[in-house]
Amino acid sequence: MHETVSDRGSPVEPLDTGRGSRGAVAAVRVVVGMLWVANSGWKTPPDFGQDTGTGLFRFTRYAVEHPVFPPYTWLVDNVVLPNFVLFGYAVLLLEAALGAFLLVGLATRLWAVLGMVQTTAITLSVLNAPDEFPWTYYLMFAAHVVLFATAAGRTAGLDGLLRPLWHRSDGRVARILMRVS
Amino acid sequence: MTASATAVRGGYATSAAAAVATLFVFAPRTDAIRFVAVTGPVVVVLLVIAALGALASRTGRPALFAAVAGVALAASLLQLAQFGRDPNWLGGNGSTASFLGALALAFGGLWYAARNGARDSAHVSRTRRADRSG
């Protein structure tokens with residue numbers, strides 16, 4: 001029905017854009033948003049677990065104690081841990097914002113990319129740590145790829161509501177938002 | 001000025017989400033489904049946001065959407081500033097700040113949609129009147 005032809009001449013089936021599929025993509029976006037919302041809850045200032053060796057500090061130290069990627073280990077050991085409180089606030093703000101923006105579907109493609117970056121940082125910290133399930137992080141990354149590829153904020157999200165308004169606007173911010181949504 | 005129909009529907013949905021989130025107050029602290037830390041004061045804030053959001057949606061006034069966004073943003077920033085410290089007036093944590101921030105974004109977006117939808121409606125009305133008189 002909607003069959004198209006690729007450059008090579010072979011038929012290409014388009015992705016399903018039916019109501020059920022769009023609803024499922026929106027649901028995945030909300031779940032991924034809630035993942036970040038919920039995990040903002042245990043990054044506790046003002047020391048983020050540095051004094052007791054718990055919380056965010058403990059998981060960040062895994063990058064040194066159970067190295068995954070030597071350059072990242074060096075970065076954590078020499079840059080992140082000596083400035084840990086600053087790093088803790090950056091993580092808290094980033095993850096709280098990831099949760100908020102993905103939950104409502106605003107600038108979704110940008111935040112999906114930032115989600116991939118943060119997932120990569122977490123993976124490089126904890127992948128070799130004891131009792132970790134590596135597929136957790138592979139699936140987290142894949143979920144953000146799906147949000148990016150499907151522009152998931154356009155269904156039941158603010159991107160879908162606001163893109164027609166941004167499209168009509170001549171403003172620079174509106175043009176940027178069109179690109180990152 | 002009135003909001004577009006889509007903004008109104010979004011307003012009701014967001015208000016309902018704020019009201020439903022109060023149920024997290026019953027989730028035990030260690031429960032795996034306690035996605036958002038909701039305490040007594042947070043319940044009050046969420047119910048205020050839900051009620052104002054529903055009123056904004058019913059009246060379709062962009063200024064009311066902006067007011068709800070302002071309340072949610074103020075609560076989110078307060079929670080972010082006091083989380084892990086004493087006093088912590090709302091008693092929540094980073095998840096509370098993030099969720100309240102999401103509500104602020106949602107009502108802020110609805111304000112933008114309602115304001116521009118209303119402007120477009122007004123422009124169409126003026127154009128039609130001009131066409132009829134011209």
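## Contacts of Leu46(B)

In this predicted model, Leu46(B) touches Ala18(B), Ala21(B), Thr22(B), Val38(B), Phe99(B), Leu100(B) and Leu103(B), once neighbours within four places in sequence are set aside. Leu46(B) belongs to helix 2 of chain B, residues 40–59. Leu46(B) is buried, because its relative accessible area is 0%, under the 20% cut-off.

Ser98(B) is 52 residues from Leu46(B) along the chain, and 13 Å separates their C-alpha atoms.

Thr119(A) sits in helix 5 of chain A, which covers residues 108–126. Its relative accessible area is 0%, so Thr119(A) counts as buried.

Leaving out residues up to four places away in sequence, Thr119(A) is in contact with Trp36(A), Tyr137(A), Met140(A), Phe141(A) and His144(A).

## The interface between chains A and B

Chain A brings 25 residues to the contact, and chain B brings 23 residues. About 1800 Å² is buried between the two chains. Carbon and sulfur atoms give 76% of that area. Between chain A and chain B there are 0 salt bridges. Polar contact is counted for 3 residue pairs, with both residues at pLDDT 80 or more.

Which helices of chain A each supply at least two residues of the side that touches chain B? They are helix 1 (19–39), helix 4 (84–104) and helix 7 (158–168). Helix 4 of chain A gives the largest share, 9 residues. By class, this side of chain A has 19 nonpolar, 4 polar and 2 charged residues.

## Annotated spans in chain A

An unreviewed UniProt entry carries the annotation "transmembrane region" for residues 84–103 and 135–153 of chain A. In the model, residues 84–103 of chain A are 100% helix and 0% strand. The end C-alpha atoms of this span lie 28 Å apart.

Residues 135–153 of chain A are 79% helix and 0% strand. Here the end C-alpha atoms are 25 Å apart.

## Cis peptide bonds

Chain A has a cis peptide bond from Pro45(A) to Pro46(A), with omega near 10 degrees. Where is Pro46(A) placed? Pro46(A) is in the loop between helix 1 and helix 2 (55–65) of chain A.

In chain B, the bond from Asp86(B) to Pro87(B) is cis. Its omega is near 5 degrees. Pro87(B) lies in the loop between helix 3 (62–82) and helix 4 (94–133) of chain B.

## Positive phi at two alanines

Ala107(A) is not a glycine, yet its phi is positive, at about 50 degrees. The residue is in the loop between helix 4 and helix 5 of chain A. Is Ala107(A) buried or exposed? Ala107(A) is buried, because its relative accessible area is 4% and the cut-off is under 20%.

Ala156(A) also has a positive phi, near 55 degrees, in a residue other than glycine. Its place is the loop between helix 6 (134–149) and helix 7 of chain A. Ala156(A) has a relative accessible area of 71%, over the 50% cut-off, so Ala156(A) is exposed.

Note on methods:
Residues numbered from 1 in each chain as written. Chains lettered and ligands numbered in written order. Predicted model: local features only at pLDDT ≥ 70, side-chain atom pairs only at ≥ 80, totals over all residues. Heavy atoms only, no water. Contact = heavy atoms within 4.5 Å. Buried area = accessible area lost by both parts, 1.4 Å probe. Salt bridge = Lys/Arg side-chain N within 4 Å of Asp/Glu carboxyl O. Polar contact = N/O pair within 3.5 Å; in protein donor to acceptor, adjacent residues only side chain to side chain. Helix = DSSP H or I, 4+ residues; strand = E, 2+ residues; numbered from the N terminus. Nonpolar A, V, L, I, M, F, W, Y, C, P; charged D, E, K, R; others polar. Buried < 20%, exposed > 50% of the residue type's maximum accessible area, 1.4 Å probe, protein only. UniProt positions renumbered as here; feature names shortened; annotations may be inferred.
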